[in-house]
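Hi there,

Here is the structure I promised to pass on to you. Have a look at it first, and then read on for what turned up.

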Amino acid sequence: MQTLNLYLSKAKQFFSLPFWSSWRTITVVYAFIPIIIGILKWHNDNDTYHIYKSVFWNTVNQLPLYEFYDYLKGDCNHYGPIFSYVIAPFALLPDTWGMFLWLCCLVAVFYFAVRYMPLKKWQMVFMFWFCAHEVLTPLFVEQYDLAMAASYLLMFSCVEKQQPLRASFIIMLNVFIKLYGIMGFAFFFFIKEKKEFIMCCIVWAFIFFVAPMFISSPDYVADQYFGWYDSLMAKNAQNLNEFFNTTNTSLLGMPRKISGNTEYSDLWLLIPGFLLFLSPFRRVDQYQHKAFRLAMLASVTMFVTLFSTSSESYGYIAPMTGFVVWYTTAPWRRSRLDLCLLIYAFIFTSLCTSDVFFPRWIWKEIIAPYALKALPTTIIWFYLMWEMNTKDYAEKNVR
């Protein structure tokens with residue numbers, strides 16, 4: 001124990017150096033991340049980016065958005081028609097430059113979202129370093145999930161700062177892109193101008209529904225929404241029945257992949273999980289405490305990943321931000337058990353995917369096939385639910 005305390009003390013001294021907490025250092029690191037990955041991927045196929053790019057060009061040419069085109073190499077788009085506007089500035093460029101700037105944009109959005117959070121500087125600094133490795137995972141496959149994780153932070157920040165117009169914009173944009181934005185409504189009870197917020201959501205929903213029609217046609221866009229629904233249903237069915245693909249890395253996927261059983265409905269897990277997620281909302285007296293509201297943000301980032309059959313390894317950047325919020329914002333002294341949970345989550349959520357830190361066979365033969373990357377998030381989320389249902393989040397408990 002004394003040896004452990006000595007190592008912890010030295011580590012604390014090392015990471016307390018001004019270099020680590022300097023915004024200049026963090027900004028440079030996060031600026032170089034997409035540049036380095038972009039250079040490494042410069043001559044690669046970049047399959048995900050081609051799927052994204054196809055959303056714009058297929059919308060302009062009024063071609064089906066959810067078909068398995070040969071040039072997409074056995075995959076298809078699962079994003080809403082409004083995504084055509086998001087990807088348009090990049091789709092208009094040559095592939096290599098479009099992909100490169102897409103990566104830069106994803107990191108920039110994440111960087112801005114963390115800086116916009118209503119947190120103390122040390123908490124934001126901790127989030128940047130804690131999530132740095134996991135940021136690489138969606139970038140290597142050009143995935144939107146990094147921006148999705150940022151959007152949860154932005155949704156909460158705008159609600160916390162009582163900015164209904166901005167909050168509703170981010171929520172509805174992500175609803176129309178990937179549906180997961182609907183989780184932003186979990187923060188509805190924390191906003192004062194509820195009527196204004198609802199009206200803004202209605203207006204943004206109309207805008208995002210109509211906008212793709214200006215580069216295509218009304219009939220085409222209406223048809224694509226039906227196609228979007230069909231593609232999501234087909235994708236969900238595929239995720240439930242294929243044990244060794246990369247999807248369903250979630251709380252829903254673990255029992256299926258471990259047991260090999262598909263003869264049950266996910267509702268047996270979804271309904272209790274959703275009720276548990278809602279349970280802290282009964283504690284209306286806790287809404288006034290910022291720490292409780294931040295805990296709800298942490299819960300959202302974990303819940304949306306744990307209870308989706310489409311969750312993949314690179315989507316865990318969202319729970320990683322949630323881990324930091326959970327650990328650093330509680331108005332009581334965190335125990336050594338909590339610290340061990342955080343370290344465990346960091347190792348088996350982030351580092352486990354890296355050949356540098358883990359033998360590849362552990363990831364390929366143990367963690368990935370059985371969706372065990374979801375296990376740390378599952379444990380912390382259940383622990384968080386216990387805290388939110390029993391703890392007092394009043395600032396008087398701050399250490």
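In this predicted model, helix H7 (residues 121-140) packs against H15 at an angle of about 150 degrees, the two axes being 9 Å apart. Angles over 145 degrees count as roughly antiparallel, so that is how H7 runs relative to H15. Their crossing is right-handed. On the H7 side, the contact is made by Trp122, Gln123, Phe126, Met127, Phe130, Cys131, Glu134 and Val135. H15 answers with Ile317, Met320, Thr321, Phe323, Val324, Val325 and Thr328. Sorted by class, the residues in this contact are 11 nonpolar, three polar and one charged.

H15 (residues 317-328) has another partner in helix H14 (residues 290-306): their axes come within 8 Å and cross at roughly 155 degrees. H14 and H15 are therefore roughly antiparallel to each other as well. Here, though, the crossing is left-handed. From H14, the residues involved are Leu294, Leu297, Ala298, Thr301, Met302 and Thr305. They meet Ala318, Pro319, Thr321, Gly322, Phe323, Val325 and Trp326 of H15. This contact has nine nonpolar and four polar residues, with no charged ones. You will see Thr321, Phe323 and Val325 listed for H15 in the contact with H7 and again in the one with H14.

How many cavities of 30 Å³ or more does a search of the whole structure find? The search gives one, and the largest cavity holds about 50 Å³ of space. Its lining is formed by Ala291, Ala295, Val325, Trp326, Thr329, Ala330, Trp332, Arg334, Leu384, Glu387 and Tyr393. H14, H15 and helix H18 (374-390) are the elements that each give two or more residues to this lining. By class, the lining divides into eight nonpolar residues, one polar and two charged. Val325 and Trp326 are part of this lining, and both also belong to the H15 side of the contact with H14.

One last stop, in another part of the chain: tyrosine 69 sits in the loop between helix H4 (47-60) and helix H5 (83-91). Setting aside neighbours within four places in sequence, tyrosine 69 is in contact with Asn58, Leu63, Pro64 and Gly74.

Best wishes

Note on methods
Residues numbered from 1 in each chain as written. Predicted model: local features only at pLDDT ≥ 70, side-chain atom pairs only at ≥ 80, totals over all residues. Heavy atoms only, no water. Axes fitted to C-alpha atoms, helices over the stretch in contact; angles between N-to-C directions. Helix = DSSP H or I, 4+ residues; strand = E, 2+ residues; numbered from the N terminus. Parallel < 35°, antiparallel > 145°, perpendicular 65-115°, else oblique. Left-handed = near helix turned anticlockwise from the far one by under 90°. Contact = heavy atoms within 4.5 Å. Nonpolar A, V, L, I, M, F, W, Y, C, P; charged D, E, K, R; others polar. 1 Å grid on protein atoms, 1.4 Å probe; cavity = no way out; pocket = protein on both sides within 12 Å on 5 of 7 lines; lining within 4 Å. Points joined across faces, edges and corners; volume = space filled by probe spheres on them.
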